[in-house]
Amino acid sequence: MFENWKILIVGAGTMGSGIAQVFASKGFQVILSDKFPEQLIRAQERISNDVDNLIKEGLITQQEAEKAKTLIAYEPDLTKCASQANFVVESIFENADAKREIFSQLDKLCTSDCIFCSNTSASNIFEIAQVSHPERLLITHFFNPPFIMALVEVVMGPKTSGETLDKVKALLTQLGKEPAIIKQYIPGFIVNRIATAITREAGYMVTEGWTTAQDIDRALRNTSGIRYAFEGPMALYDIVGWDLTTSVSKDIHKTLCNDTEVNSLGNELVAKGELGLKSGKGVFDYTGVDPQQFLNERSAKIVKMIKAVKEL
Ligand SMILES: NC(=O)c1ccc[n+]([C@@H]2O[C@H](COP(=O)([O-])OP(=O)(O)OC[C@H]3O[C@@H](n4cnc5c(N)ncnc54)[C@H](O)[C@@H]3O)[C@@H](O)[C@H]2O)c1
């Protein structure tokens, strides 16, 4: 279905370079564009390092790695490449004016049947992007790092057509991704909405003095954290039984945090400059911890978990 499709990724930062790698390792010709040429040099180095690491981890074959390296063209000038694209992923930084401007340029330069996607985490791209074919505009929200995380949240706009959605789902599936569809723009999509709800309740339980941050993490790591990789919250309630969970929810709902302002624990921590790993202290203490080493060890754990989940 996607034979000879050319993929244009605009924005060669953390996400754009990773998304380029995902497409290229599955045999697609990719043009990676960034208005800052030095970012393209950095992206090429990053992709080369990442594919080598993926081979070592056994997550990509040598052949896929070679493909990924050779199939990506680096082009700072959109006017030289946009007309060749069948599928565009915009992945520039989170700034509404910059994204509006990019979509305006793409609209002028791309063919009329090109599909436009935004990798935005936060913007309502359907209000921002003024394009001639809104039926071919949607959000494809990849997770970091895109070449490891399987989920892509696909958000439809008010005019996105069913045909576009079907094509995007098929394309993502061919990449080995797991698309989750959201039928209209809602802030936070699925993952960040649910993460925000969990963290609002967790912060509330800490500020009320009912428990500690350590015990909340201990509780979740040892229950939901283990199950969620193979059984989401909806499947879990099917197993427990909706009669039981619904009757229990009646008492619990009344006592849950229903704060509509920002996370109150977060507010307190920010006021004290305790921003987390990057400032050396958040709810936990990172004194003496090398942030990069910490993040590397975390990435290694994610890779181990993904391998374990594949064996289920
Ligand atoms: N970093 C994440 O974990 C993550 C996860 C999911 C989605 N996102 C979203 O993906 C998008 C990109 O995020 P990122 O973390 O890769 O950002 P980044 O800052 O690493 O990269 C952004 C890139 O866009 C380029 N750029 C900026 N303006 C441009 C323009 N007008 N034309 C061409 N290139 C331009 C910059 O030079 C830079 O290379 C954002 O919308 C972000 O919200 C980020």
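Modeller: UniProt, in an unreviewed entry, places the feature "domain: 3-hydroxyacyl-CoA dehydrogenase NAD binding" at residues 7-183; UniProt positions are given in the numbering used here, feature names are shortened, and annotations may be inferred rather than shown by experiment. That span is 41% helix and 21% strand, and its end C-alpha atoms lie 24 Å apart, where helices (H or I, at least four residues) and strands (E, at least two) are DSSP runs numbered from the N terminus. A further annotation from the unreviewed UniProt entry, "domain: 3-hydroxyacyl-CoA dehydrogenase C-terminal", covers residues 188-286, a span that is 61% helix and 0% strand, with its end C-alpha atoms 28 Å apart.

The model is predicted, so local features need pLDDT of at least 70 and side-chain atom pairs count only at pLDDT 80 or more, whereas totals for chains, interfaces and linings use all residues. Residues are numbered from 1 along each chain as its sequence is written, and side-chain values use heavy atoms, with hydrogens and water left out.

The domain assignment gives domain 1 (6-182) and domain 2 (191-310), bounds of this kind coming from an automatic or database domain assignment. The centres of domain 1 and domain 2, taken over C-alpha atoms, are separated by 30 Å. Where the two meet, eight residues of domain 1 are in contact with seven residues of domain 2, contact meaning heavy atoms within 4.5 Å. Between them the domains bury about 640 Å², 69% of it on carbon and sulfur atoms; buried area is the accessible area (1.4 Å probe) that two parts lose on being put together, summed over both. Of the area that domain 1 buries against domain 2, E57, L59 and I148 supply 60%, more than any other three residues.

E57 also takes part in a salt bridge with K307, in which the closest N and O atoms are 3.2 Å apart; the term denotes a side-chain nitrogen of Lys or Arg within 4 Å of a carboxyl oxygen of Asp or Glu. This pair links distant parts of the chain, with E57 in helix α2 (residues 37-57) and K307 in helix α13 (residues 291-310), 250 residues apart. One salt bridge is found across the interface of domain 1 and domain 2, while a search of the whole structure finds ten.

Two residue pairs, both at pLDDT 80 or more, are in polar contact across the interface; a polar contact is a pair of N or O atoms within 3.5 Å, and within protein one must be able to donate a hydrogen and the other to accept it, residues adjacent in sequence counting only if both atoms are side-chain atoms. On the side of domain 1 that touches domain 2, the residues divide into five nonpolar, one polar and two charged, with Ala, Val, Leu, Ile, Met, Phe, Trp, Tyr, Cys and Pro counted as nonpolar, Asp, Glu, Lys and Arg as charged, and the others, Gly among them, as polar.

One backbone feature also deserves mention. A cis peptide bond, with omega about -5 degrees, joins N144 and P145, and P145 is placed in the loop between β6 and β7 (151-156).
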